[in-house]
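Happy to go through some labels with you. Let's set each one against its cut-off.

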Amino acid sequence: MSLTTADAQKAAAPTAAAPRGIRARYRAWYEKMPPGVQMIGLQAWLPVFFVIAFLFCYVYAFHAPAFKNVPVAVVGPSSVMQPVAEQLQEGAKGAVTVRVIDSMDDAKAQVRRGDIAAAYAPGQDSSTLVVASAASFQLSSLAQQFFQGVAAQSDAKLQVDDLAPLPPNDSFGTSLFYLTLVCTIGGYMMSMFVGMMGGGLKHWQRFAIIGAASIVLPGIAIALGRFAIHAVDGNFWELWAIGAATSFAVGCVVNGLAYFMGRFVTGAALLVFVFANVPGSGGAYPPELVPQPFRALHDFVSGAATIGLFRRTVYDVGPEAWHFWLTLAVYAAIGTALAFAGKPYFVWLMGRRRRAGYKTMMISAQIASMTHAGYVTPVTPAGAGAAGVAAVKAGETDASAEASGEETAEAHAPAGAAPAQASPAPVVAHAAHAAPAVASQPGAPATVTAPAPQAFIVTTTAASDSGPVELTVRLQSAGEASATPTPAPAAADRHRRGRDREQEQRDAERGMDFSVEEADGDAVAAETGALG
């Protein structure tokens, strides 16, 4: 059995129906724009998101820092110091909260741990103020200003005992904060690339890449900051370990989120590890100086844990280190759980899209951009006297168009002209037209002759008298497309379900939303839209 040229032209002709629904109409309108404009427009959400998040998370958090409820203490017997504490509390108007501590040793321990910002021991001729500038330069400065006025009221001289003074190479105490930011950004950037471009990687491969980057990138940052810039002191290996743990924990979370958020994981990573992390970490400003909700986030953001570990290592201030290590471990565990839960979801989503023949707007824009750039050139629809579909051969009958006596058209190109490259779309149309002819012979190959200097593998569904028939079409480099129908009708459902399960497994391993396979020897070029 064969198809005439007219039949082939009819099958190849586009029969696009008017899109239904607001979303479909919008997409149809959008895809009429130049491919470059489409690509830019689909990513325009990121600068818009960045501007808005920057304003609310940085400008709002830092534009008017105000001390509120900063914990301080007065040192001495409770019976004597309690009225002094109440008087100071009332005069501070909410800037500080004053408690009483009986012994100076206990007061110093609390200042070093960060439980209180300062401890004040009043005296008749001289008063003592205990601070730890390395724990928080801003809070130490506030405490000195506040208690300088208190001492002046009693004509006493204020003596400042700084338990952890800042060195000259970090006079404002911000070097460790920026080191934390470098380790965090390096981790989330590498994991963002793994999540968006490593759809075909197994879990161990993803975690291996994230782990390697978590060792290398913080190592570079710590080495440069320690030995080249001289911005930080402390044990290099301990600092490196802290930076690597931070980068890995952050990377695990971003990798897990990528399964659920696709290319939008960039926004999620920025929101969690930059825009919420910076004001909530206490690195730029202590939590007592920032508004809600950033003050409440301080105990939960990864940056607070990393800065806390750095400060413990370099200056021996802050809470015990186990608290911070636990925070980073929780982040790593959450990221691992997201990855193992997200991959089945990702496989299900890709399978659903594949069965529905759905491609995201980003993938469609990428294909259009490649076509516009000349990497893929669509076949010109067959016309009168032009190259088109010639014949369909079914089963063992190698019957050609000549045997049937019907006119056929072969692919012809002008002498010396470069052969046109093929697109799967016309071949799908030809194969769909041929479906009724071959549907009665399950598993029998059908061959379609078409202008095809390259080869593609395409799966399509066509209607026939016996029900829907799925065709696997292979467009050969010699100009022939072989179309193989699946068994019909009842067996076709079982076959399709089994094949879908196999395809979903392959999708999980390869992370592919669609594929274009080039039959040039053993070379295979795959276009992946893993998380589009």
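Below are a few questions and answers on helix packing and loop residues.

A: First, a word on the source: this is a predicted model, where local features need pLDDT of at least 70, side-chain atom pairs count only at pLDDT 80 or more, and totals for chains, interfaces and linings use all residues. Residues are numbered from 1 along each chain as its sequence is written, and side-chain values use heavy atoms, with hydrogens and water left out.

Q: What makes up the contact of α3 with α16?
A: P35, Q38, M39 and L42 in α3 meet M361, M362, A365, Q366, A368, S369 and H372 in α16, where contact means heavy atoms within 4.5 Å. These residues divide into seven nonpolar, four polar and no charged.

Q: Why is H230 called partly exposed?
A: Its relative accessible area is 48%. Buried means under 20%, exposed over 50%, and partly exposed in between (1.4 Å probe, protein chains only), so H230 counts as partly exposed. H230 sits in the loop between α9 (203-228) and α10 (236-261), and its phi is near 60 degrees, a positive value in a residue other than glycine.

Q: How do you know that D316 is partly exposed?
A: The relative accessibility of D316 is 38%, so D316 falls in the partly exposed range.

Methods: Helix = DSSP H or I, 4+ residues; strand = E, 2+ residues; numbered from the N terminus. Nonpolar A, V, L, I, M, F, W, Y, C, P; charged D, E, K, R; others polar.
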